[in-house]
Amino acid sequence: MHVIKTIEEMRLFCGGCQKEGLSVGLVPTMGALHQGHISLVKKAVIENQVAVVSIFVNPIQFNNTTDLTHYPRTLDADLALLGKAGCKVVFAPSEEEMYADKPMLSIHFGLLEQVMEGAFRPGHFSGVGVVVAKLFAIIQPTNAYFGQKDLQQFLVIQQLVKDLSFPVTLHRCAIVREEDGLAMSSRNTRLTKKNRPLAAKIFESLQLAERLLPEKGIDFTKEEVRAFLAQQKELTLEYFEIADGNTLVSQIEYKVGKITALCIVVYLDGVRLIDNVLLE
Ligand code: PAF
């Protein structure tokens, strides 16, 4: 495993790949890897001549310092998982390396960032945009892989690539779930053993919405989802939105055949859990 810590070395390595005409697949991560990440890594390994995984807990995308402090940092375990998945190159810079000075740049994504995650986590997408743009500029990947769990993040990055003409093909990869349906996330390890089974209710509520929506419409479906989750006092719903799958504009009427996103955030044990289902 080749673990690269500096921007200069990473540039040299990727420049070498380009000279040799090798395709580079990038999987950007913040570490604390799980099988959701590994599914992206395996895809990158299969579809490219060189697969690079970046591991960097990006401080400028956290609007909550407790969340940043508690974010798990598990580099040795991550490297072991990546080795098994066939990844040979990891970019793991320090915070000083990535941001010798706090970046002055901020990026706005218009309507796309005014809803859901953007509304509840001010500044989050600017931080994501800056770090992803920086990774694309350093690594210049042919392909980049992101999970659908962070659907809004994917759409924001799609906009970034379009607006800045990055020559990279983006891949939105399916959500990987635990046996009971909970979307895999680095945050899941922070759930208590006692309450962990309740987390399955989140995906159950999305499945309920998927069933109700075509016949009962948006308002009724939203009410039922709220009522379903309210049965468990440990679960606190932050938002449940039924939105256009491309723009994330909240829908007032459901149209069969239109790409629709059912997006949810629930708190359990103080942990913020996000999930979605795309009706395509
Ligand atoms: O999804 C994540 O893990 C992060 O937001 C990303 C894309 C690696 C940027 O820090």
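Student: In this predicted model, in which hand does α7 pass α8?

Tutor: The two helices to compare are α7, spanning residues 124-139, and α8, spanning residues 151-164. In the predicted model, the crossing of α7 past α8 is right-handed.

Student: Which residues of α8 does α7 meet?

Tutor: On the side of α7, the residues taking part are Phe 125, Val 128, Gly 129, Val 132, Ala 133 and Phe 136. By class, this contact of α7 with α8 has 9 nonpolar, 3 polar and no charged residues. The partners in α8 are Gln 152, Gln 153, Val 156, Ile 157, Leu 160 and Val 161.

Student: Why are α1 and α7 called oblique to each other?

Tutor: Helix α1 covers residues 7-19, and its axis comes within 8 Å of the axis of α7. The two axes cross at roughly 50°. α1 and α7 are therefore oblique to each other.

Student: How many charged residues does the contact of α1 with α7 have?

Tutor: From α1 the contact uses Ile 7, Met 10, Arg 11 and Cys 14, and from α7 it uses Ala 137, Ile 138 and Ile 139. By class, 6 of these residues are nonpolar and no polar residue is present. The charged residues in the contact of α1 with α7 number 1.

Student: Which residues that line the largest cavity are the closest to its centre?

Tutor: The lining of the largest cavity consists of 41 residues. By class, they are 21 nonpolar, 14 polar and 6 charged. The closest to the centre are His 37, Tyr 71, Lys 149, Asp 150 and Gln 153.

Student: Which element gives the largest share of the lining of the largest cavity?

Tutor: The elements that each supply at least two residues are β2 (24-29), α2 (35-47), α7, β5 (143-147), α8 and β9. The largest share amounts to 6 residues, and it comes from α7.

Student: Which element gives the most to the lining of the second largest cavity?

Tutor: The second largest cavity holds about 70 Å³ of space. Its lining includes Lys 149, Asp 150, Leu 151 and Gln 152, together with Ile 274, Asp 275 and Asn 276. Two or more residues come from each of α6 (116-120), α8 and β9. With 3 residues, the element that gives the most is β9.

Student: How many charged residues are in the lining of the largest pocket?

Tutor: The largest pocket contains about 270 Å³ of space. It is lined by 18 residues, and those nearest its centre are Ile 55, Phe 56, Val 57, Arg 73 and Pro 93. The elements giving two or more residues to this lining are α4 (75-84) and α5 (95-98). By class, the lining has 10 nonpolar and 3 polar residues, while the number of charged residues is 5.

Student: Which element gives the most to the lining of the second largest pocket?

Tutor: About 220 Å³ of space lies in the second largest pocket. Of its 13 lining residues, Asn 64, Asp 67, Tyr 267, Gly 270 and Arg 272 lie nearest the centre. At least two residues of the lining come from each of α3 (65-70) and β9 (271-279). The element that gives the most, with 3 residues, is α3.

Terms used: Residues are numbered from 1 along each chain as its sequence is written. This is a predicted model: local features need pLDDT of at least 70, side-chain atom pairs count only at pLDDT 80 or more; totals for chains, interfaces and linings use all residues. Side-chain values use heavy atoms; hydrogens and water are left out. Axes are lines fitted to C-alpha atoms, for helices over the stretch in contact, and angles run from 0 to 180 degrees between N-to-C directions. Helices (H or I, at least four residues) and strands (E, at least two) are DSSP runs, numbered from the N terminus. A crossing is left-handed if the near helix is turned anticlockwise from the far one by less than a right angle, and right-handed if clockwise. Contact means heavy atoms within 4.5 Å. Ala, Val, Leu, Ile, Met, Phe, Trp, Tyr, Cys and Pro count as nonpolar, Asp, Glu, Lys and Arg as charged, and the others, Gly among them, as polar. On a 1 Å grid over the protein atoms alone, a cavity is a set of points where a 1.4 Å probe fits but cannot get out, and a pocket is an open set with protein on both sides within 12 Å along at least five of seven lines; lining residues have an atom within 4 Å of a point. Grid points are joined across faces, edges and corners, and a volume is the space filled by probe spheres set on the points. Angles under 35 degrees count as roughly parallel, over 145 as roughly antiparallel, 65 to 115 as roughly perpendicular and the rest as oblique.
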